[in-house]
Amino acid sequence: MRSGVGSSPGATNDFVVKFANVNGSGSASANQLFAKSILRMGIPIASRNIFPSNIQGLPTWFEVRVSGEGHLGRRGGVDLMVAMNPQTWDRDIAEIDPGGYLVYDSTRPMPASRFRSDINVIGVPLTQICNAAFTDARQRQLLKNIMYVGALSALLNIEPPVVEQLLAEQYKGKEKLAKPNRDAFHMGRDWALKNLDCPLGLTLERSDAVGDRIYVEGNAAAALGAVYGGATVCAWYPITPSTSLAEAFERQCKRFRTEPETGKKRYAIVQAEDELASIGIVIGAAWNGARAFTATSGPGISLMQEFVGLAYFAEIPAVIFDVQRAGPSTGMPTRTQQSDVLSAAYASHGDTKQVVLLPEDPRECFDFGASAFDLADRLQTPVFVLLDLDIGMNDWLCEPFAWDDTKQLDRGKVMTAEELEAGRTFGRYLDADGDGIPFRTYPGTHPQKGAFFTRGTSRDRFAKYTEVGSAYVDNMERLLRKFDTAKQIVPHPVERRAAEPTRTGVIYYGSSSAAMKEALGQLEADGIHLDALRIRAFPFHDDVLDFIARHDKVFVVEQNRDAQLRTLIMTEGNVDASRLIPVLHYDGTPITARFIRAAIADRAAALKVVPFAGAAAE
């Protein structure tokens with residue numbers, strides 16, 4: 001069955017396909033098969049899995065952005081919807097752009113009132129075909145998903161050998177599983193070729209636009225970065241969406257931290273009883289000289305606050321991977337947000353300021369995942385790496401990871417036994433050179449000298465307990481000097497100048513980057529020129545405040561309700577709130593280029609955002 005408004009305008013390697021399924025129906029592998037087959041044809045894609053927080057039965061969606069130009073953010077809108085979930089039918093149909101396509105299981109007739117008149121409706125009797133070919137109930141359910149991949153291969157011009165190769169790789173050595181999957185794929189494809197007009201107005205054409213880029217999720221990238229960064233201890237408590245980071249670290253440690261001759265493990269991974277115990281183990285291991293980390297999300301950060309304060313005040317290096325989700329409280333555990341910015345930056349009670357890294361994609365998750373341990377050691381402080389669910393649990397197309405094999409781990413200011421024996425002055429909280437960072441010793445470095453214990457109470461420069469106000473102030477001001485030193489060694493912001501001079505800018509960070517890059521091009525085509533700055537770390541490098549000073553107005557794009565980065569900039573930079581215009585997206589789905597473009601364009605008109613020459617003439 002095919003009906004509707006006729007073919008939509010042709011689009012080659014540039015459209016969005018969305019699958020609406022039921023969680024637990026076995027659709028995930030079929031949807032990934034679809035996405036990877038396009039990737040294997042050399043066409044860039046961006047995929048997003050939107051799933052519920054229960055085991056099965058609730059709606060789940062999988063969105064594939066096909067972009068020959070290489071746009072990796074969500075565009076917004078859907079060109080082809082594969083609607084396999086009756087519970088969400090109306091919502092799914094409403095998402096399709098006018099002139100787009102609906103593919104559905106037409107085994108049971110549906111009244112015309114359930115369709116839209118401005119889309120193309122394509123019915124494929126998937127259940128009927130599947131029931132005729134297979135007898136096992138579970139097999140029917142699973143293979144029905146592969147069958148719609150087959151139909152889509154005909155409709156969109158996916159090369160069958162590519163899919164067959166992927167199935168061969170997936171079921172290598174399992175021919176009993178491989179054969180029915182191949183059969184189901186060809187059944188769906190053959191039916192579509194025989195009964196439908198193929199291909200559609202949306203078509204795929206082999207390309208070489210992927211190049212040498214890799215397809216990987218951020219959590220796996222960060223875990224591998226931790227291995228390369230020298231981490232040997234991970235203590236964690238399971239929480240969505242960070243669990244796969246700890247699991248990936250364990251897999252990599254089995255490869256790289258196990259002695260091949262003896263099988264001895266050179267790592268320790270502890271699943272603690274809760275998040276509080278996790279961070280306690282990390283701090284204890286780090287104080288003893290190990291490179292240690294935990295992986296968690298917003299609720300875990302809330303529970304860890306007191307221990308994080310201990311690490312800050314006792315100056316113990318530690319790395320915390322925070323894969324952000326929608327809060328507060330339990331919130332939406334399987335939805336994405338950038339809502340832990342303030343809780344990480346000011347983690348714990350009292351006057352604390354924490355170092356925070358903000359990667360934009362899996363490549364930076366790897367890079368920052370490794371460099372975070374050097375930063376923690378150099379600064380002797382906790383370092384937060386803020387991913388989010390969109391980066392952490394979705395596969396992204398990114399540049400291959402790179403590593404310099406000559407690189408040495410930077411352990412910072414560690415005094416040796418020889419230096420202690422020679423009589424070098426050691427004050428655990430003594431600033432010897434003005435950068436705010438004292439020397440430390442590993443426990444047991446010297447039988448009589450150096451540090452043997454630590455605590456979170458006030459002390460003088462030589463670690464002697466005191467509540468004298470001047471000593472406390474001296475210590476707190478030194479910690480600020482150390483934070484100022486951190487400004488220079490954290491990843492610096494990245495600026496993109498507009499095509500024409502402008503007095504308006506935009507600031508963004510993290511996973512918003514992909515959609516932001518696309519939106520900037522669209523806004524430029526609309527005559528709205530913006531200088532753009534991607535922030536990669538807190539404390540803010542001086543370039544951030546310089547950027548704001550050079551512009552009359554600056555949009556700040558974030559995925560949270562309370563404009564947390566904007567608040568942080570105003571607080572730390574003493575910036576007038578009227579100069580920073582919030583652009584906020586926080587429904588739990590990844591931000592889209594369409595949303596950014598519309599939000600900025602609406603406000604740009606009121607601000608009279610025009611090229612600099614025109615503005616100067618007014």
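These questions and answers go through how features of this predicted model get their labels.

User: What kind of model is this, and how are residues numbered?
Analyst: This is a predicted model: local features need pLDDT of at least 70, side-chain atom pairs count only at pLDDT 80 or more, and totals for chains, interfaces and linings use all residues. Residues are numbered from 1 along each chain as its sequence is written, and side-chain values use heavy atoms, with hydrogens and water left out.

User: Why is α7 called oblique to α8?
Analyst: Helix α7 (residues 218-228) and helix α8 (residues 243-256) cross at roughly 45°, and their axes come within 8 Å. That makes α7 oblique to α8. Angles under 35 degrees count as roughly parallel, over 145 as roughly antiparallel, 65 to 115 as roughly perpendicular and the rest as oblique. Axes are lines fitted to C-alpha atoms, for helices over the stretch in contact, and angles run from 0 to 180 degrees between N-to-C directions. Helices (H or I, at least four residues) and strands (E, at least two) are DSSP runs, numbered from the N terminus.

User: What is the hand of the crossing of α7 and α8?
Analyst: The crossing of α7 and α8 is right-handed. A crossing gets that name if the near helix is turned clockwise from the far one by less than a right angle, and is left-handed if anticlockwise.

User: Which residues meet between α7 and α8?
Analyst: From α7 come N219, A220, A222, A223, L224, A226 and V227; from α8 come S244, L245, A248, F249, Q252, C253 and F256. By class, the contact of α7 with α8 has 11 nonpolar, three polar and no charged residues. Contact means heavy atoms within 4.5 Å. Ala, Val, Leu, Ile, Met, Phe, Trp, Tyr, Cys and Pro count as nonpolar, Asp, Glu, Lys and Arg as charged, and the others, Gly among them, as polar.

User: What makes α9 roughly parallel to α10?
Analyst: The axes of helix α9 (residues 275-287) and α10 come within 8 Å and cross at roughly 30°. That makes α9 roughly parallel to α10. Their crossing is right-handed. E275, L276, I279, G280 and I283 of α9 touch G300, L303, M304, F307, V308 and A311 of α10. The classes in the contact of α9 with α10 are eight nonpolar, two polar and one charged.

User: Why are α16 and α19 oblique to each other?
Analyst: Helix α16 (residues 513-525) and helix α19 (residues 593-607) pack at an angle of about 50°, with axes 8 Å apart. α16 and α19 are therefore oblique to each other. The crossing is right-handed. α16 supplies A515, M516, E518, A519, Q522 and L523, and α19 supplies A593, I596, R597, I600 and A601. Eight nonpolar, one polar and two charged residues form the contact of α16 with α19.

User: Why is E315 called buried?
Analyst: E315 has 1% relative accessibility, so it counts as buried. Buried means under 20% relative accessible area, exposed over 50%, partly exposed in between (1.4 Å probe, protein chains only). E315 sits in the loop between α10 (298-314) and β14. It has a positive phi of about 60° although it is not a glycine.

User: What makes N574 exposed?
Analyst: N574 has a relative accessible area of 73%, so it is exposed. N574 lies in the loop between α18 and β23 (580-584). Phi of N574 is near 55°, a positive value in a residue other than glycine. In helix α18 (residues 564-573), Q564, L565, R566, L568, I569 and G573 are buried.

User: How do you know that P447 is exposed?
Analyst: The relative accessible area of P447 is 71%, so P447 is exposed. Its place is in the loop between α14 (417-421) and α15 (469-489).

User: What counts as a nonpolar core, and which residues have the most contacts inside the largest one?
Analyst: A nonpolar core is a set of buried Ala, Val, Leu, Ile, Met, Phe, Trp, Tyr and Cys residues joined through side-chain atoms within 4.5 Å. The largest has 139 residues, and F34, L80, L152, L156, F293, F321 and I507 have the most contacts inside it. Helix α4 (residues 137-156) gives the largest share of this core, 10 residues. Apart from it lies another core of 20 residues, including A515, A519, L523 and F555.

User: Where are the cis peptide bonds from C198 to P199 and from G327 to P328?
Analyst: The C198 to P199 bond has omega near -5°, and P199 is in the loop between α6 (175-195) and β9 (202-203). For G327 to P328, omega is near 0°. P328 is in the loop between β14 (318-324) and α11 (341-345).
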